[in-house]
Amino acid sequence: MRIITGTARGAKLATIEGDATRPTTDRVKEAIFSMIQFDIEGRRVLDLFGGSGQLALEALSRGAERATIIDESRDAVNIIIENAKHAKLYEKCRISCCSYASFLKGFNESDKFNIVFLDPPYNTSLLHDSLNALSVGNVLADGALIICESDTPQSKKKSLEKKNPELKNASILHDVFSDDEKLMSRYNIEKSSAYGRTRITVLSLADTDK
């Protein structure tokens with residue numbers, strides 16, 4: 001695992017051994033940053049399920065201003081600190097060992113986030129719950145983007161999504177929002193594509209005042 005491009009290009013990153021984390025593959029990471037390549041420079045980044053820290057560190061390498069990386073595992077936080085120092089990006093990081101919920105509940109700062117990465121463990125309610133917390137919280141700057149990684153079953157339907165917007169929306173509703181239509185209505189779907197068993201979806205908050 002490595003940083004793909006930018007000031008820390010080629011820096012190798014460590015990860016926790018075993019099944020405790022699921023590192024984003026280089027193919028998926030390249031897809032993520034292709035989607036948001038013009039939205040990174042000078043931005044403040046939040047990663048609520050840091051793992052190895054690779055997504056936030058990639059964003060910093062590509063020009064993001066600051067990154068806050070959260071993980072509730074002490075082992076993961078130690079790896080994130082190690083990786084940030086190795087990539088010479090540690091001074092741009094705030095790294096905390098806590099749950100996403102406690103971080104969001106305690107956030108009261110004026111510098112809100114422009115980019116949020118959500119890559120929680122699959123087969124949990126964490127993506128749904130964190131999207132719900134973000135939609136009613138006070139951590140997102142105007143125009144903020146939320147980048148979600150979610151599991152999506154292998155299916156021939158994927159090849160039909162480009163031609164069938166209703167099918168694609170149904171897949172996003174299931175994969176990203178756990179079939180919660182009310183939650184989905186709080187967000188704009190900017191982009192979404194499936195790569196094998198991983199769906200990448202870029203969201204922004206919907207204007208509920210309209």
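**Close-up 1. Arginine 199, a buried residue of strand E7 in this predicted model**. Arginine 199 has a relative accessible area of 0%, and because buried means under 20% on this scale, the residue counts as buried. In the chain, arginine 199 belongs to strand E7, which covers residues 198-205. The side chain of arginine 199 takes part in a polar contact of 2.9 Å with the side chain of aspartate 175, and another polar contact, of 3.1 Å, links the side chain of arginine 199 with that of serine 192.

**Close-up 2. Serine 178 and aspartate 179 in the loop between H6 and H7**. Serine 178 lies in the loop that runs between H6 and helix H7 (181-184), and the place of aspartate 179 is likewise in the loop between H6 and H7. Serine 178 is not a glycine, yet its phi is positive, at about 55°, while aspartate 179, also a residue other than glycine, has a positive phi near 65°. With a relative accessible area of 41%, serine 178 is partly exposed, and aspartate 179, with a value of 47%, is partly exposed as well.

**Close-up 3. The packing of helix H1 against helix H2**. Helix H1, which spans residues 26-35, and helix H2, which spans residues 54-61, pack with their axes 11 Å apart and at an angle of about 50°. The two helices are therefore oblique to each other, and their crossing is right-handed. On the side of H1 the contact is formed by Lys29, Ile32 and Phe33, and on the side of H2 by Gln54, Leu55, Glu58 and Ala59. By residue class, the contact of H1 with H2 holds 4 nonpolar residues, 1 polar residue and 2 charged residues.

Note on methods. Residues are numbered from 1 along each chain as its sequence is written. This is a predicted model: local features need pLDDT of at least 70, side-chain atom pairs count only at pLDDT 80 or more; totals for chains, interfaces and linings use all residues. Side-chain values use heavy atoms; hydrogens and water are left out. Axes are lines fitted to C-alpha atoms, for helices over the stretch in contact, and angles run from 0 to 180 degrees between N-to-C directions. Helices (H or I, at least four residues) and strands (E, at least two) are DSSP runs, numbered from the N terminus. Angles under 35 degrees count as roughly parallel, over 145 as roughly antiparallel, 65 to 115 as roughly perpendicular and the rest as oblique. A crossing is left-handed if the near helix is turned anticlockwise from the far one by less than a right angle, and right-handed if clockwise. Contact means heavy atoms within 4.5 Å. Ala, Val, Leu, Ile, Met, Phe, Trp, Tyr, Cys and Pro count as nonpolar, Asp, Glu, Lys and Arg as charged, and the others, Gly among them, as polar. Buried means under 20% relative accessible area, exposed over 50%, partly exposed in between (1.4 Å probe, protein chains only). A polar contact is a pair of N or O atoms within 3.5 Å; within protein, one must be able to donate a hydrogen and the other to accept it, and residues adjacent in sequence count only if both atoms are side-chain atoms.
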